[in-house]
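This report examines one protein model, beginning with a pocket and then turning to a helix. Please view the sequence and the structure below before reading on.

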Amino acid sequence: MFEDEARFGRISDTRRCWCPKPHRPLCQTMVTQEYTYAYGAVSVLDGELDSLILPHVNGDCMQIFLNEVASRHPEDRIIMILDGAGWHTAGSLKVPANMKLFPLPPYAPELDPMEHLWDDLREKWFHNHVFDTMDALEDHLEVGLRTMETNKDRVRSIVSWPWIITGVLN
């Protein structure tokens, strides 16, 4: 599985949109520095996505996420591929028994397919949206993540890169 975190906040992402002539679309913007974080891990072979929404990116939240993924797949041996963030290598992390952590090379986010899932989630669920509260943002994020989790074929089409599949199967 490939793991990554993404920050979602109340700063809106304003993009072009379509509307019929002669109308002009109205898109609100919001610049509020409040954030929440989505943790995600995806299996490139079958499109299985596990995600959690947590308040911070740190060793404690990472431990919660690793424990959750391990508990969702108790019969599987998981190789969790992740980037070099400080909380991924925190000495206090207790890696679950059915899991092994494997780091990506430094400064190589393009090697992590989870990055593309975050891009897709932002594009499909978050552009031109303004959230009045953090609860509203988290509710919207939860719906987006659940939708992705239940659509394994779509997730697999985004993350199953040929070079990864070839490497895993050989």
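## The largest pocket

The lining of the largest pocket consists of 11 nonpolar, 3 polar and 4 charged residues. Here Ala, Val, Leu, Ile, Met, Phe, Trp, Tyr, Cys and Pro count as nonpolar, Asp, Glu, Lys and Arg as charged, and the others, Gly among them, as polar. The model is predicted: local features need pLDDT of at least 70, side-chain atom pairs count only at pLDDT 80 or more, and totals for chains, interfaces and linings use all residues. Residues are numbered from 1 along each chain as its sequence is written, and side-chain values use heavy atoms, with hydrogens and water left out.

The largest pocket holds about 410 Å³ of space. A pocket is an open set of points on a 1 Å grid over the protein atoms alone where a 1.4 Å probe fits, with protein on both sides within 12 Å along at least five of seven lines; lining residues have an atom within 4 Å of a point. The volume is the space filled by probe spheres set on the points, which are joined across faces, edges and corners. Among the 18 lining residues, Met-1, Ser-43, Leu-45, Ile-79 and Val-168 are the closest to the pocket's centre. Helix α5 contributes the most to this lining, with 4 residues.

Helices are DSSP runs (H or I, at least four residues), numbered from the N terminus.

Technical notes
Helices (H or I, at least four residues) and strands (E, at least two) are DSSP runs, numbered from the N terminus.
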